[in-house]
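Subject: Structure handover

Hi,

Here is the structure I promised to pass on. My notes follow below it.

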Amino acid sequence: MPIHLFNTLTRRIEPFSPLDPAGREVRMYTCGPTVYNHAHIGNFRAYLFEDLLQRHLEARGYHVLRVMNLTDVDDKTIRDSRKAGKHLADFTQIYKDAFFTDIDTLRIRRALHYPAATEPRYLDRMISMIQQLQAAGIAYQAEDRSLYFRLSKFPAYGRLAHLNLEELRPSGRVRSDEYEKESIGDFALWKAWDENDGDVAWDSPWGRGRPGWHIECSAMATALLGPELDIHCGGVDNIFPHHEAEIAQSECCTGKPFVRHWLHCAHLMVDGQKMSKSLGNFHTLRDLLARGFTGRETRYALITVNYRLPCNFTIPGLEGARAALSRLDQWVERLTENAADATPESSPLSGFSGRFLDCLDDDLNISAAMGQLFDLVRESNKALDEHRLTKGQSAALLAEWRTINAVLALEADSLTIPAQVLDLVEQRQQARASKDWALSDQIRDQIAALGWQLKDTKEGPKLLPT
Ligand code: AMP
Ligand code: ZN
């Protein structure tokens with residue numbers, strides 16, 4: 001069965017196939033962060049769903065060329081860099097660096113390119129695209145010296161968001177003469193400098209100014225991936241106007257359909273509202289790390305809800321992720337122990353990785369896929385308890401786990417147990433040897449306080465991170 005994905009453009013689940021005649025290469029563009037602050041975990045929900053999509057495509061044999069842009073100039077970056085008394089580039093560099101640290105912590109695979117809007121090669125391209133639009137009568141310069149996209153020239157505008165253009169026309173409540181644009185829906189391509197921009201401005205054929213946010217993505221996507229993309233992703237709030245505008249600009253410049261498959265993830269919510277900077281109801285990854293959670297736990301909590309369903313963020317939800325991961329860790333550990341170096345052999349439990357990937361083929365149905373995984377954990381733990389799983393069968397299940405972990409990226413890092421913990425384990429063994437159970441329990445609590453769970457097994461004490 002081919003991969004099927006929901007396409008925002010058609011509102012249908014469609015079989016996925018890339019443009020590449022060999023059917024192998026996938027061109028994927030993902031809208032990236034505006035680097036004026038630390039990204040919050042709502043933003044990371046979008047980046048994690050894109051990571052899951054990329055990894056699943058790769059598991060199915062595609063070669064994914066993914067680009068993610070960095071918006072390093074816009075109203076917010078300018079406003080906050082000025083507040084901080086820093087040059088725009090110095091200011092945004094802080095949040096670019098933080099972003100890369102965070103995606104590594106969340107095990108998000110790096111894209112091939114992270115173009116930034118202020119790089120001269122992309123600025124040049126933005127300007128030449130706007131010139132092309134102006135020459136075709138699609139862009140115009142308004143009284144405020146900014147350039148706008150004339151929506152009336154692109155009848156398909158609104159198709160992605162399934163909006164009626166009429167709704168964008170000025171109503172009785174909004175007087176159109178309050179606007180310098182010809183029509184209220186026309187969006188800015190190039191913003192003429194004003195005093196709020198301070199020293200942020202670039203030369204252009206229309207005087208000093210800066211690009212609009214939408215043209216940034218059209219220029220960077222087509223520069224790096226060509227005129228036609230297979231997949232374009234973002235959060236649902238990107239659909240309108242940002243992605244509509246990207247389609248309008250790109251298609252008017254290239255004359256080709258810009259994107260075959262549009263995917264958008266639903267929001268991460270807090271108490272029924274979107275997690276966002278403006279509502280102040282957000283958590284950064286750093287906040288969660290400071291509370292003792294890990295990137296792996298956060299990844300688990302955010303990727304295991306189907307991307308088109310709103311995901312409610314709660315601290316108990318993260319604790320649930322921790323418990324689920326600990327169950328997985330213990331299972332992997334048991335299989336590893338049982339498998340030793342045996343040659344894999346099949347068992348009645350074999351084949352679950354195929355079923356897991358089949359679930360993801362169905363519009364990334366991760367909850368069904370995780371259901372398959374936890375069924376297997378239960379069944380194979382039972383088989384291990386009853387000594388029904390041979391070494392070779394355990395080795396085969398482990399190999400299947402590694403296949404799906406290439407998509408999930410949830411396996412525990414190989415562990416380095418701190419010397420202090422090893423020392424305590426040794427002291428506890430001595431306490432047990434002299435039957436001092438009270439001391440033994442006390443040391444076990446000390447070990448737990450250091451983040452390790454100690455289990456006594458036939459082979460001796462075993463440590464697992466909590
Ligand atoms: P921004 O930095 O605001 O442009 O957002 C970057 C990405 O995060 C975009 O793809 C947004 O759609 C997405 N995003 C923002 N807030 C949320 C949220 N609460 N849940 C999911 N995605 C979000
Ligand atoms: Zn974008």
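The protein chain splits into domain 1 (19–265), domain 2 (274–408) and domain 3 (419–465); these bounds come from an automatic or database domain assignment. The C-alpha centres of domain 2 and domain 3 are 28 Å apart.

Some conventions. This is a predicted model, where local features need pLDDT of at least 70, side-chain atom pairs count only at pLDDT 80 or more, and totals for chains, interfaces and linings use all residues. Residues are numbered from 1 along each chain as its sequence is written, chains are lettered from A and ligands numbered from 1 in the order in which they are written, and side-chain values use heavy atoms, with hydrogens and water left out.

Now the ligand. There are 17 residues around ligand 1, and Gly42, Asp237, Asn238, Leu268 and Met275 come nearest (near: a heavy atom within 4 Å). By class, this shell holds six nonpolar, nine polar and two charged residues, with Gly counted as polar. α1 gives the most to the shell, with four residues (helices are DSSP runs of H or I, at least four residues).

Polar contacts next (for the ligand, N or O pairs within 3.5 Å):

- Asn238: a polar side-chain atom lies 2.8 Å from an oxygen atom of ligand 1.
- Asn43: a side-chain N or O atom is 3.1 Å from an oxygen atom of ligand 1.
- Met275: a polar backbone atom is 2.8 Å from a nitrogen atom of ligand 1.

The protein covers 90% of the 490 Å² of accessible area that ligand 1 has on its own (Shrake-Rupley method, 1.4 Å probe).

Best wishes

Key. Polar contact = N/O pair within 3.5 Å; in protein donor to acceptor, adjacent residues only side chain to side chain. Helix = DSSP H or I, 4+ residues; strand = E, 2+ residues; numbered from the N terminus.
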